[in-house]
Amino acid sequence: MPLDFYRNPLTDILFEQTSSFVGLYDVQAAWFTRVNTAGYRQLGYPSAQALYDDPVRTLLLHRLSPAEWEQLRDETLAAGHYEREVEIRRHVGTPFWGYMELTSLALEGKDYFLVRLTDTGRLHEAERNLAQSVRRFEAVFTHATIGIIVATRQGNIVLANEKSHQLFGYPAGALAEQSIEVLVPDAVRGRHEHLRASFNAHPAVRAMGSNRALLARRRDGSVFPVEISLSYFHLDEELYVVAYVVDISAKQEAELALQAERQRVDRLNAELEQKVADRTHALMTTLAQLERRSEELAQALAAEQELGELKSRFVAMASHEFRTPLTAVLTSATLVEKYPAAEQQPQRLRHLDRIRASVKHLTDILEEFLSVGKIEEGKIEAHPAQLAVPALLREAVAEVQGLRKPGQHIELSTDGPETVWLDASLLRKVLVNLLSNALKYSAENTTVRLSATGRPGRLTLLVQDQGVGISAEDQEHLFQRFYRARNVANTPGTGLGLYIITKYLELMGGTIALHSELNVGTTVTLTIPYENHSAD
């Protein structure tokens, strides 16, 4: 659903509970991005998606020309609102006349129209019913307890009931053919003519005088306060205005007294509400501060716990990983001293090889530490370039040949793209690390498989061994720093390899998946997206 940021439970309820068409119109795309259920059903669509996918892309029976659309769009964006009656087409069914209202909205820098369509067919029928009701009402309105005056568009009184004559001090029948302005005080007569013309231009039922004082003029020139409501009807294509007049002299006096009392109560309520608001604000401020402090403490505690756990893992790893090669160096150096004779050169060379191997092991450990530091500081970046996949796989296999145990061998297969656009250095480090782990945790006379497959834009690498495997419980934590599976605790390792691999893959936009069974083996699958580039 588009514009998820615009949605919340309240707007969803208001949007869907509306019985008429309501839609959100993308001005740039020139079509709807959302409509309510009642809306698409009203237009004969089976679903909202069917409306979105309609190639016609217009609700109007007569499509606007580009110039007409630009004018409507610009007027709506400038004024913020636009409305008119238009003829609407239905996807299924006959067209109908509706009242279209457009309201401009700006959401995340884009312009939208909130569109509402109201079927005016019922309104036209209501007008006909109203005309009939007026005819029936003429038989009884004469004896109404309020003044009722019917005037033409020009302001000429055609009907006035008995109560109207009593209110304005005219004898029975004397108001007929009088101008409505004779009932208006002289001071506002000119303004009343203007208001009458405005009403004639846009007739509508209006309640007058409820929020401001209106005055009427009797035959003797005296004025009195009134409350007036207006309605209208059409008869024989002529507009008639109906005024309902009530003398509110007594009501006005009572309202003045009530208003004074209400003002006193309002002052008391305002003072009480202000006190409640002040205390509520103080309480909310205190609660917010407490919540922030609690969150800060929780975050600090979590960070401290994580730091302590990492420190414990590091100390445990370092005490094991550094002690073993250092002990080997010290022992071999001591033994070298015991072979001073020339004929003892083979023994010296054997111990010197052990020293070099131990130093290389320490160097590899320090290199992993430095890699983690550079990764977390953001100092390592991917630098894609064109590389040959088969050649890179052969280089990775050649680099770990010296780690093989007796009888171990590596099977290599490629069935994918010959060249890709990736960072060769990062990818080679990932493969060497995975192949090293596969050889290290597999027994003698086992096979490690390395394969490459893929399809355009995606390279898949698979490393499979027949090693000790990893338990399901340990698999949940394998990609954490310094974490090592419990069944390989006595095998040299820092617990950083898979963590570094994961970070390198993130730099290349790739993912890693691991499947393992105890005493069966482990399969690691790498999926890396790539792009093809020309030679330049």
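The numbered points below go through selected features of this structure, which is a predicted model.

1. The sheet of strands 2-1-5-4-3. Five strands make up an open sheet, arranged in the order 2-1-5-4-3, and their pairing is antiparallel. Strand 2 (31-35) and strand 3 (81-88) are the edge strands, each of them pairing on one side only. On average, and with direction ignored, neighbouring strands of this sheet are turned by 30° against each other. One of the pairings joins strand 1 (residues 21-26) to strand 2 in the antiparallel sense over four bridges, and within it Gly23 stands opposite Val35 of strand 2. As background for reading such a sheet, its strands pair through backbone hydrogen bonds, either parallel or antiparallel.

2. The hairpin of strands 9 and 10. Strand 9 and strand 10 pair in the antiparallel sense over four bridges, and together they form a hairpin with five residues between them. In the turn, Gly221 has a positive phi of about 95°. Which residues of strand 9 lie on its covered face, and which on its uncovered one? The covered face of strand 9 (residues 214-217) holds Leu214 and Ala216, whereas the uncovered face holds Leu215 and Arg217.

3. Two loop residues with positive phi. Glu237 has a phi near 65°, a positive value in a residue other than glycine, and Glu237 is found in the loop between strand 10 (223-235) and strand 11 (238-247). Its relative accessible area is 80%, so Glu237 is exposed. Asn519 likewise has a positive phi, near 60°, in a residue other than glycine, and its place is in the loop between strand 17 and strand 18. With a relative accessible area of 70%, Asn519 is exposed.

4. The sheet of strands 13-15-16-18-17. Another group of five strands forms an open sheet in the order 13-15-16-18-17, and here the pairing is mixed. Strand 13 (409-415) and strand 17 (511-517) stand at the edges with a single partner strand each, and therefore one side of each is left without a neighbour in the sheet. Neighbouring strands of this sheet are turned by 10° against each other on average, direction ignored. Inside the sheet, strand 15 (residues 447-455) and strand 16 (residues 458-464) run antiparallel and are joined by seven bridges, and the bridge partner of Ser451 in strand 16 is Leu462.

5. Helices lying on that sheet. Helix 11 (residues 389-399) lies across strand 13, strand 15 and strand 16, and runs at about 170° to strand 13. Helix 14 also packs on the sheet, where it touches strand 17 and strand 18 (521-529), and its direction makes about 145° with that of strand 17.

6. Helix 12 against helix 14. Two packed helices are described by the angle between their axes and the distance between the axes. For helix 12 (residues 424-440) and helix 14 (residues 497-507), the axes come within 10 Å and cross at roughly 150°. Because of that angle, helix 12 is roughly antiparallel to helix 14. The crossing in which helix 12 passes helix 14 is left-handed. From helix 12, the residues Leu426, Lys429, Val430, Asn433 and Leu434 meet Gly497, Leu498, Ile501, Tyr504 and Leu507 in helix 14. Sorted by class, this contact has seven nonpolar, two polar and one charged residues.

7. How covered is helix 14, and what follows it? Helix 14 is mostly covered, with eight of its 11 residues buried, namely Gly497, Leu498, Tyr499, Ile500, Ile501, Thr502, Tyr504 and Leu505. Lys503 also has its place in helix 14, but at 24% relative accessibility Lys503 counts as partly exposed. Just after helix 14, Gly509 takes a positive phi of about 80°.

8. Residues apart in sequence. Lys503 and Ile380 are 123 residues apart in sequence, and their C-alpha atoms are 9.8 Å apart in space. A second pair is Ala250 and Pro225, which are 25 residues apart in sequence and 9.4 Å apart in space, again from C-alpha to C-alpha. Ala250 is found in helix 8 (residues 249-321), and at 57% relative accessibility Ala250 counts as exposed.

Notes:
Residues are numbered from 1 along each chain as its sequence is written. This is a predicted model: local features need pLDDT of at least 70, side-chain atom pairs count only at pLDDT 80 or more; totals for chains, interfaces and linings use all residues. Side-chain values use heavy atoms; hydrogens and water are left out. Axes are lines fitted to C-alpha atoms, for helices over the stretch in contact, and angles run from 0 to 180 degrees between N-to-C directions. Angles under 35 degrees count as roughly parallel, over 145 as roughly antiparallel, 65 to 115 as roughly perpendicular and the rest as oblique. A crossing is left-handed if the near helix is turned anticlockwise from the far one by less than a right angle, and right-handed if clockwise. Contact means heavy atoms within 4.5 Å. Ala, Val, Leu, Ile, Met, Phe, Trp, Tyr, Cys and Pro count as nonpolar, Asp, Glu, Lys and Arg as charged, and the others, Gly among them, as polar. Buried means under 20% relative accessible area, exposed over 50%, partly exposed in between (1.4 Å probe, protein chains only). Two strands pair if DSSP finds at least two bridges between them.
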